[in-house]
Amino acid sequence: MIGMNLIAVHDLLQRISDEVSGWPQVTAVPHRFGGTEFRFAQAEIGHNHLDGTLDVPYPMPVRNKLITEGIVEKHHFFEDSAWVTFHVRAGNLERALWLLHLSYLRYALRHSKKVDGWDSPRAGSLLRELERAAGPDLFPAMESVLRSPRSTT
């Protein structure tokens, strides 16, 4: 039974890796503690561990909202960090991909903001995509951090 569970988790992690590594400017590399790390340029958008644990960084207001809503947990090792932990299972694969996509959009938008400015068509498109993905409850927290003049997140 345990072997079957590991095979199922491995298959789920492979599906995540296949999907996320296909996003523009994303690379998948081995994570230093096992599993796969997903990067947008030099920024890590998240990583998974071989046991199905998914860790994703967010700005603290977003992290706190996700935790409050019961979507994720505090990071399994660094509880006070901006990182969150999510346990990938067969019934929540889409949620895992959504969490990584939110992180990806944040970094893609930050990159576009630096290169093209907020008024560029690319930034506008990414902002609309983030608004659709985050939804009305989460988007304000994401947008306020991204629009902050001090923001490097």
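Reader: Thanks! How many residues does the largest nonpolar core have?

Author: It has 43 residues, and those with the most contacts inside it are I16, V20 and I45. A nonpolar core here is a set of buried Ala, Val, Leu, Ile, Met, Phe, Trp, Tyr and Cys residues joined through side-chain atoms within 4.5 Å. Buried means under 20% relative accessible area, exposed over 50%, and partly exposed in between, with a 1.4 Å probe and protein chains only.

Reader: Which elements each supply at least two residues of this core?

Author: Among them are helix 1 (2–20), strand 3 (43–48), helix 3 (93–116) and helix 4 (121–147). Helices (H or I, at least four residues) and strands (E, at least two) are DSSP runs, numbered from the N terminus.

Reader: Before I go on, what sort of model is this?

Author: This is a predicted model: local features need pLDDT of at least 70, side-chain atom pairs count only at pLDDT 80 or more, and totals for chains, interfaces and linings use all residues. Residues are numbered from 1 along each chain as its sequence is written, and side-chain values use heavy atoms, with hydrogens and water left out.

Reader: Good. What does V20 touch?

Author: Leaving aside residues up to four places away in sequence, V20 touches V26, F38, I45, L97 and L100. Contact means heavy atoms within 4.5 Å.

Reader: And S103, is that buried or exposed?

Author: S103 is buried, at a relative accessible area of 0%. This serine is found in helix 3, and it touches I45, V56, P57 and Y58, again not counting residues up to four places away in sequence.

Reader: Switching topic: how many salt bridges does the structure hold?

Author: Two. A salt bridge is a side-chain nitrogen of Lys or Arg within 4 Å of a carboxyl oxygen of Asp or Glu. R39 and E37 form one of them, at 2.4 Å from N to O, and K65 and E69 meet in a salt bridge at 3.2 Å.

Reader: Are R39 and K65 buried or partly exposed?

Author: R39 counts as buried at 19% relative accessibility, while K65 counts as partly exposed at 29%.

Reader: What stands opposite E37?

Author: That's V29. Strand 1 (residues 26–30) and strand 2 run antiparallel, joined by five bridges; two strands pair if DSSP finds at least two bridges between them. Their hairpin has five residues between the strands, and G34 takes a positive phi near 95 degrees there.
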